[in-house]
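Subject: Handing over a structure

Dear colleague,

I am passing a structure on to you, and I would be grateful if you could look through it with the notes below at hand.

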Amino acid sequence: MRKIFLAAVAAVACLTCRANDNGGIPNTFGRPTLDSLKALKATVGKPFSAGYVFVDGHYLNPPYTVQRYGTVIRINGVQVTGEIVPWSEFVMTQSGAKATKSESAPAAEPVSAPAAAEPEEPAEEPEEIGDDESSLDDLFADEPAEKKKKPVAKKRPVRRPKPQQPVVTMNYSFEGEFKHNAKTLGYLKRINGERTRIDANLRKGGYYFFGSRYKTVSGNASMSKYVIPRLPPIMKSQTDPDGFANAMRSSSLSYLPVALMEDLFRNRIGYIMLERRIKSDNAANEWMNGL
């Protein structure tokens, strides 16, 4: 049984490795528009094997190639950011640029059925008494006996859905072909600057946790030596979400966003590649120190 289990783990690790190598990680970021790709094209850096990259909890194996792809950043063909500068900002600098709104009706929600009325309380029946007692009560009573009222069933109001606002989409367009100007060149410089910053930090041994549900978490080479080796043991041993989160906190990694911990837990099989990578890096460092 142990051999079968190890073989299954190895098979999953192989599949994961292939997915990372060919950019098979699902894209959870907004893709750049075709117009932005056509107008801005791409800036591609040279490959290198330093640093550590995680995308939505997936560990991405080196070598890394950091690329500006239109208005976004990609690493090894995997998109790791949304638009650094929105394409709409570029469009609005062009001749004849205009922004138009288009509205579409929201999906209609079904009207909920009226809630069932509360069951009526059973009416109380009067106690039977003899004719003699009844006549005496009537004779000496100061006031006539009040008749008991039948309780009225309470009606619950019908729940009606709140009216939804139409979905508004902004469309940007301009006349003719895209032409660079001072503003567009400034925008492009900002995006290229972000690509250069990521590239430089990774080359020095830093790390990045990219995710669509949280802000990018990064650290330099010194932080990498502290953070990265703590991950594989937790990813390997903790099979329960709460236990995983507690182990992360116990390892002084509580500063990581909860959503990032959830992503790492879901993709914890990646510890196999990460563990192998750390061993390889340690062996290389020992060899260099021995020279």
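What follows is an account of what was found, from the whole chain down to single residues.

This is a predicted model, in which local features need pLDDT of at least 70 and side-chain atom pairs count only at pLDDT 80 or more, while totals for chains, interfaces and linings use all residues. Residues are numbered from 1 along each chain as its sequence is written, and side-chain values use heavy atoms, with hydrogens and water left out.

The protein as a whole

The secondary structure consists of ten helices and ten strands, these being DSSP runs numbered from the N terminus (helices are H or I with at least four residues, strands are E with at least two). Of the 291 residues, 32% are buried, where buried means under 20% relative accessible area, exposed means over 50%, and partly exposed lies in between (1.4 Å probe, protein chains only). The accessible surface amounts to about 19,700 Å², and 54% of that surface belongs to carbon and sulfur atoms; these areas come from the Shrake-Rupley method with a 1.4 Å probe, and for residues only the protein chains shown count as cover.

Helices H8 and H9

Helix H8 (residues 241–250) packs with helix H9 (residues 258–266) at an angle of about 120°, and their axes are 10 Å apart. Axes here are lines fitted to C-alpha atoms, for helices over the stretch in contact, and angles run from 0 to 180 degrees between N-to-C directions. The two helices are therefore oblique to each other, given that angles under 35 degrees count as roughly parallel, over 145 as roughly antiparallel, 65 to 115 as roughly perpendicular and the rest as oblique. On the side of H8 the contact is made by Pro241, Phe244, Ala245 and Met248, and on the side of H9 by Met261, Leu264 and Phe265.

The buried residues of H9 are Ala259, Leu260, Met261, Asp263, Leu264 and Phe265, and they pack against H8, helix H7 (231–237) and the strands E2 (52–55), E9 (207–210) and E10 (217–219).

Backbone details

Most residues other than glycine have a negative phi, and most peptide bonds are trans. Ser252, in the loop between H8 and H9, has a positive phi of about 65° although it is not a glycine, and Ser252 is partly exposed, with a relative accessible area of 40%. Asp56, in the loop between E2 and E3, has a positive phi of about 50° and is not a glycine either, but Asp56 is buried, at a relative accessible area of 9%. The peptide bond from Pro62 to Pro63 is cis, with omega near 5°, and Pro63 is found in the loop between strand E3 (58–60) and strand E4 (66–69).

Two further residues

His180 lies in the loop between strand E8 (167–173) and helix H5 (182–203), and counts as partly exposed at 38% relative accessibility. Leaving aside neighbours within four places in sequence, His180 is in contact with Ala39, Leu40, Leu185 and Leu188.

Lys225 belongs to helix H6 (residues 221–227) and is exposed, with a relative accessible area of 70%.

With kind regards

How values were computed
Contact means heavy atoms within 4.5 Å.
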